[in-house]
Amino acid sequence: MLKIILFTCITFALSSSICFAEKPHGPKPEVIEITVGSKDGGMQFSPDELTFERGKYYKLVISNPSQDDHYFTSDAFSTHIFTRKVEVMGTGGKTIAEIHGAINDMELKPGAKLEWYFYPMTKGKNLKLFCHKKGHEAAGMIGKINIVGPLSFSK
Ligand SMILES: [Cu+2]
């Protein structure tokens, strides 16, 4: 009897761990990258214009290669998308935090990297992106975001 229970437990543990390992981590996102600031101290977003298609699933990788703190701020963008999560990447590329909910303002310390998973929902043109660190917007840290196309959900 004990053997059967033990066998059942092991089988269950094995199959569930296999199932868990094979379980897809949600749909596959299209990856877009942007940097805030630059290694040589440049005050810019690169690229400074982002265009997303409605209903597609995206992972926007935001990183700060500079020695300064920078913001990725867009009040309008957050009202046009559905955020699944933002993952905060630690050293070695491991996720150290997940943030959920509507997000419109993020500060990235030097070397920081974030991964923003979202669905663009409503059309938008020239949605303002900027860094509100003192003087940074005037120095060139400004960009725009567009959301285009019909609403069709990717698989
Ligand atoms: Cu800045």
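In which sense do strand 1 and strand 4 pair, and over how many bridges?

## Pairing of strand 1

In this predicted model, strand 1 (residues 30-36) is joined to strand 4 by six bridges in the parallel sense. Within this pairing, Ile34 lies opposite Ile62 of strand 4, and Val31 has Lys59 of strand 4 as its bridge partner.

Strand 1 also meets strand 2, in this case antiparallel and through two bridges. Here Val36 stands opposite Phe45 of strand 2.

Strands of a sheet pair through backbone hydrogen bonds, whether parallel or antiparallel.

## Nonpolar core

The largest nonpolar core contains 20 residues, of which Val36, Ile62, Leu108 and Trp116 touch the most other members. At least two residues of this core come from each of strand 3 (49-53), strand 4 (58-63), strand 9 (113-120) and strand 11 (142-148).

Beyond its neighbours within four places in sequence, Ile62 is in contact with Ile34, Val36, Phe72, Leu108, Leu114 and Trp116.

## Confidence

The chain has a mean pLDDT of 87, with 81% of its residues at 70 or more. Over residues 5-23, pLDDT stays under 50, and the model has zero contacts beyond four places in sequence for them. Where pLDDT is low, the predicted coordinates should not be read in detail.

Definitions and conventions
Residues are numbered from 1 along each chain as its sequence is written. This is a predicted model: local features need pLDDT of at least 70, side-chain atom pairs count only at pLDDT 80 or more; totals for chains, interfaces and linings use all residues. A nonpolar core is a set of buried Ala, Val, Leu, Ile, Met, Phe, Trp, Tyr and Cys residues joined through C-beta atoms within 7 Å. A residue is buried if 20 or more other C-beta atoms lie within 10 Å of its own, exposed if 12 or fewer, and partly exposed in between; C-beta atoms are placed from the backbone. Helices (H or I, at least four residues) and strands (E, at least two) are DSSP runs, numbered from the N terminus. Two residues are in contact if their C-beta atoms, placed from the backbone, lie within 7 Å. Two strands pair if DSSP finds at least two bridges between them. pLDDT is the predictor's confidence in each residue, from 0 to 100.
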